[in-house]
Amino acid sequence: QEVPHGDELGLILQGSAVPNPELHNTSWYDSVMWTTQDQKQRKIAIHFVRHKEMIQQPQNALLMIEGGTLKEIWKLTKRFKCVIPVRSTEHDLELLDLSAPFLLQGNMKYYGCKQCSTPKPMKSLSSMAAERQPSWEPTKIAQVLGIEPLQYVFIMKFTLVDGTGALDAYLLDY
């Protein structure tokens, strides 16, 4: 499946609902909420996943963000190890639609397959946070959240033309 780029990705990320204050500060994450100073006065919530009742150092921390723009999320990925865009439901936090990345780490965006994934609630991450040394590796996060990660595929199309006609040739590889 194609992954969104630039403005298209920005619109998907901004499409998350207004954060639900009832889902703040649970047993496995601490939340901070603020209102932006721009004309829209958007509400943004950041949920810092705890490890052994403490928030980890930024270079080892996983956080979840609701209502952030692409620019705001990229700023967070420069400081924190893992950023997961989420939205609130009545009872829990959940991943955005899988057209958005389920995880951002540094400059990398990790996407999940819409057809083969069965996303689980974000509270599934609490089991990883309880581990002795949570690694926050993309494959482990995907597994815990019920995501089947997409693989990047190289695709090229050539049109070969000679005196007898044209032939389309495709080159595909992982």
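Modeller: A term to start with: a salt bridge is a side-chain nitrogen of Lys or Arg within 4 Å of a carboxyl oxygen of Asp or Glu. The model we will discuss is a predicted one.

Biologist: Thanks! How far apart are the closest N and O atoms of E131 and K140?
Modeller: E131 is partly exposed at 28% relative accessibility, and K140 is partly exposed too, at 34%. The cut-off for a salt bridge is 4 Å. The two residues do form one, and their closest N and O atoms are separated by 3.6 Å.

Biologist: How many salt bridges does a search of the whole structure find?
Modeller: The E131 and K140 pair is a salt bridge. Another brings together the side chains of E94 and R87, at 2.9 Å from N to O. In that pair, E94 is partly exposed at 28%, and R87 is partly exposed at 26%. Searching the whole structure gives a total of five.

Biologist: Which residue forms a salt bridge with R50?
Modeller: Side chains of opposite charge can pair when their charged atoms come close. For R50, the closest N and O atoms of the pair are 2.6 Å apart. The link joins distant parts of the chain, from strand β2 to strand β1 across 20 residues. The partner of R50 is D30.

Biologist: Is R50 buried or exposed?
Modeller: The limit for calling a residue buried is under 20% relative accessible area. D30, at 25%, is above that limit and therefore partly exposed. R50 has 13% relative accessibility, so this residue counts as buried.

Biologist: Let's move to the loop between β1 and β2. Which residues is T36 in contact with, leaving aside its neighbours within four places in sequence?
Modeller: T36 sits in the loop that connects β1 (29-35) and β2 (43-51). With a relative accessible area of 8%, T36 is buried. Once sequence neighbours within four places are set aside, its contacts are Q41, R42, I44 and E72.

Biologist: Why is β4 largely enclosed by the rest of the structure?
Modeller: L62, M64 and E66 point one way from β4, while L63 and I65 point the other way, and all are buried. E66, for one, has a relative accessible area of 0%. β4 is largely enclosed because the number of its five residues that are buried is five.

Biologist: Which residue of β5 does M64 stand opposite?
Modeller: β4 has antiparallel pairing with β2 over four bridges, with I65 as the bridge partner of I46. β4 also pairs with strand β5 (residues 82-88), this time in the parallel sense and over four bridges. Within β5, the residue opposite M64 is I84.

Biologist: How many residues does the hairpin between β9 and β10 pass through?
Modeller: β9 (residues 154-162) and β10 (residues 165-173) run antiparallel and are joined by nine bridges. The number of residues through which the hairpin joins the strands is two.

Biologist: Which element gives the largest share of the nonpolar patch?
Modeller: The patch lies on the surface and consists of F154, M156, F158, L160, L167 and L171, with about 550 Å² of accessible area together. The elements giving two or more residues to it are β9 and β10. F154 is in strand β9 and is partly exposed at 45%. With four residues, the largest share comes from β9.

Biologist: What is the angle between the planes of W28 and Y29?
Modeller: A pair of aromatic rings is described by the distance of the centres and the angle of the planes. The structure holds two aromatic pairs. W28 and Y29, both buried, form one that is edge-to-face, with 4.8 Å from centre to centre and an angle of 90 degrees.

Biologist: One last stop. Which residues does V3 touch, not counting those up to four places away in sequence?
Modeller: V3 is found in the segment before α1 (6-14). Its C-alpha atom is 22 Å from that of K81, a residue 78 places away along the chain. Leaving out residues up to four places away, V3 touches Y111 and L150.

Note on methods:
Residues are numbered from 1 along each chain as its sequence is written. This is a predicted model: local features need pLDDT of at least 70, side-chain atom pairs count only at pLDDT 80 or more; totals for chains, interfaces and linings use all residues. Side-chain values use heavy atoms; hydrogens and water are left out. Two strands pair if DSSP finds at least two bridges between them. Buried means under 20% relative accessible area, exposed over 50%, partly exposed in between (1.4 Å probe, protein chains only). Contact means heavy atoms within 4.5 Å. Patches are made of residues with over 30% relative accessible area and no salt bridge: like charges are joined within 9 Å, nonpolar side chains (Val, Leu, Ile, Met, Phe, Trp, Tyr) within 5 Å. Accessible areas come from the Shrake-Rupley method with a 1.4 Å probe; for residues, only the protein chains shown count as cover. Rings of Phe, Tyr and Trp (its six-membered ring) pair if their centres lie within 6.5 Å; planes under 30 degrees apart count as stacked, over 60 as edge-to-face and the rest as tilted.
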